[in-house]
Amino acid sequence: MGVLRALGYDGKVSSSFPMNPLGIKNMVVEEAMKNSGISFGSLKNQPLRAVEYLGDPMMAAAAGLVDGLNIRTVLAGGLR
């Protein structure tokens with residue numbers, strides 16, 4: 001969710017919990033963005049920096065692997 005917002009997308013993310021705790025997620029993302037000096041959309045041209053500050057290390061690893069395919073690829077995922 002943090003990476004999406006840093007890139008300028010107001011996306012919601014799923015949860016493995018029966019009730020998605022979006023309120024908690026919003027608080028965490030807002031605090032992380034504030035502490036990192038990042039605002040909504042401020043890293044739209046720097047996706048790897050968005051992952052560095054607000055993402056999961058798996059995102060960078062997956063992006064690197066996909067980059068080696070040398071074809072246009074969209075990564076998407078989730079629980080549902």
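Everything below comes from a predicted model, where local features need pLDDT of at least 70, side-chain atom pairs count only at pLDDT 80 or more, and totals for chains, interfaces and linings use all residues. Residues are numbered from 1 along each chain as its sequence is written, and side-chain values use heavy atoms, with hydrogens and water left out.

View 1. Look for Ser15 in the loop between helix 1 (2–6) and helix 2 (22–36); helices are DSSP runs of H or I with at least four residues, numbered from the N terminus. Ser15 counts as buried because its relative accessibility is 8%, where buried means under 20% relative accessible area and exposed over 50% (1.4 Å probe, protein chains only).

**View 2. The largest nonpolar core.** This set has 10 residues, among them Met1, Val29, Met33 and Leu54; such a core joins buried Ala, Val, Leu, Ile, Met, Phe, Trp, Tyr and Cys residues through side-chain atoms within 4.5 Å. Helix 1, helix 2 and helix 3 (47–54) each give two or more residues to this core, and helix 3 provides the largest share, three.

**View 3. Asn70.** You will find Asn70 in the segment after helix 4 (57–67). Asn70 is not a glycine, yet its phi is positive, about 60 degrees. Asn70 is exposed because its relative accessible area is 70%.
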